[in-house]
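Please open the structure in your viewer and keep the selection tool at hand. The stops below are to be visited in order.

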Amino acid sequence: MKQLRLGLFENAQANDSGTATWRHKGNKRDHFDRMEYWKNVAKICEDASLDFLFLADAWGWSEVDGERPEICSVEALDLPRLDPATVAAALLECTDKLGLVFTSSTLVEPPYAFARRVATLDHLSEGRIGWNVVTTGTAETATAAFGIPMVNHDERYDMAEDYMQLIYKLLEGSWEPDALERDKQGRFADPNKVHRITHDGPYFRSNGYGNTSYSPQGTPVLFQAGLSTKGREFGGRHGECIFLGGGPVDKLAEQVRLIREEAAKAGRSPESIKLMSAFSCVVGDTEEEAEAKYKEVLDSQNPEVTVASYAMYTGLDLSAYAPDTPMSEMKTELSKTQLERFKDKTVGDILENWHAHGVRPSPVVGTAERIADAMCDLAEQTDLDGFLLTPVTQPGTTIDFVTKVLPILRERGAAASGYSDGTLRERLIGSSQPTLPSDHPGAAYRKHGEHSGIVAAE
Ligand SMILES: Cc1cc2nc3c(=O)[nH]c(=O)nc-3n(C[C@H](O)[C@H](O)[C@H](O)COP(=O)(O)O)c2cc1C
């Protein structure tokens with residue numbers, strides 16, 4: 001059994017995944033805008049030696065017929081939220097080994113500013129940063145908010161491709177890894193190792209110098225999660241760790257296979273991509289106790305949230321369709337994944353079930369032993385490398401996982417017992433170096449020079 005990679009899904013808002021569980025008595029997410037909340041979550045992750053904490057994000061919100069439904073504010077469905085990169089920065093001081101991964105959008109964030117922000121975090125964290133590259137499912141509202149034109153689904157990936165080329169130029173090609181000398185009797189940086197970059201792409205332009213010197217990982221570990229055809233091609237080219245949304249064994253195994261195929265087509269080692277599926281669980285000392293706990297979560301939710309929540313991900317107003325309408329008839333320019341998932345279902349099925357789990361997979365509900373079995377079986381049958389734990393209530397179900405399920409996984413040799421040394425890339429991807437491997441397209445932009453590694457302050 002391979003050792004599973006484990007990360008924790010978080011979202012800097014009161015709810016996540018399109019559900020509305022904030023009212024549940026065990027859910028502390030309603031205080032997502034307090035530092036104490038985040039310190040506690042980070043401590044749980046680091047005490048359990050989880051590989052990383054992932055902070056998801058979206059810029060947009062839910063709109064049905066051009067209006068944000070009142071229920072969105074009543075149930076904190078989409079807004080308010082905090083900026084995930086800033087939350088990651090705030091957690092640097094209280095964490096030491098934990099990877100900090102956050103989402104940033106290639107649709108709305110200017111690449112030059114983003115390159116500086118992410119490199120700053122990689123410097124300060126000494127190489128613990130990951131970037132989840134998203135093209136933004138909530139594109140209609142996000143582009144309206146930024147006052148820029150809407151870009152359709154497939155073109156958003158063309159734009160993301162251009163974005164990546166510029167990011168690589170800035171992060172890999174502007175400052176050579178050993179440009180800094182910090183010699184008080186000599187020079188701070190070797191001018192021969194600082195290069196002007198120019199980029200004149202179809203979507204982005206830049207002419208100048210990266211604002212930040214080469215960071216411990218150069219490019220942060222690249223995460224990705226788009227599962228449409230375009231999304232998979234993009235992930236196969238750039239992703240180092242790819243999230244899957246969960247689902248039945250055969251579907252997951254197929255997705256894993258297709259993504260590894262895309263990596264091979266891009267000239268990369270298919271095994272170097274780590275595939276992690278979202279995974280939720282509700283643990284009880286007995287099956288009955290677990291079922292009762294889950295019922296309590298479902299009872300605390302407002303099923304009315306469904307229409308607004310589904311609209312946030314797809315722009316589709318399910319209340320406008322007859323319940324027996326097949327989902328296969330729908331089309332979206334927002335998240336194609338959230339349509340694909342339900343192609344064999346009807347509108348009525350979604351209306352009845354969506355509130356229970358939203359975009360997160362249905363939880364495995366049962367004893368710790370049963371949950372550990374489910375994880376091991378799933379990993380073996382699908383060739384997954386690990387799981388992104390998606391809490392049902394936070395921190396309740398996460399604490400249950402780390403105290404009850406994780407020890408069983410460790411006993412079976414399926415989970416690490418502590419952190420090994422090195423950057424997030426070395427630990428998570430198993431790379432022999434902190435920077436992008438030579439078969440990754442970003443590595444081609446790296447100028448010569450030895451990686452200076454992490455330079456301790458004197
Ligand atoms: C585990 C997981 C986490 C995700 N996190 C985000 C996120 O933080 N922000 C976002 O906009 N999309 C997120 N997504 C959605 C995907 O990145 C992607 O945008 C979506 O699937 C639509 O792209 P597609 O149509 O190419 O599949 C996530 C998906 C999964 C499975």
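A residue is called buried under 20% relative accessible area, exposed over 50% and partly exposed in between, for a 1.4 Å probe and protein chains only. The model is predicted: local features need pLDDT of at least 70, side-chain atom pairs count only at pLDDT 80 or more, and totals for chains, interfaces and linings use all residues. Residues are numbered from 1 along each chain as its sequence is written, and side-chain values use heavy atoms, without hydrogens and water.

Select Phe 234 to begin; this residue is buried, with a relative accessible area of 2%. Rings of Phe, Tyr and Trp (its six-membered ring) pair if their centres lie within 6.5 Å; planes under 30 degrees apart count as stacked, over 60 as edge-to-face and the rest as tilted. By this rule there are 18 aromatic pairs. Tyr 157 and Phe 234 make a tilted one, with 5.8 Å between centres and 55° between planes. Tyr 157 belongs to helix 6 (residues 153–173) and Phe 234 to helix 7 (residues 229–238), so the pair ties together parts 77 residues apart in sequence. Helices (H or I, at least four residues) and strands (E, at least two) are DSSP runs, numbered from the N terminus.

Now select strand 3 (residues 99–105), where seven of seven residues are buried. Two strands pair if DSSP finds at least two bridges between them. Strand 3 pairs in the parallel sense with strand 2 (residues 52–56) over four bridges and with strand 4 (residues 129–134) over six bridges. Finally, select Leu 100: its bridge partner is Leu 53, and Leu 100 also stands opposite Ile 129 in strand 4.
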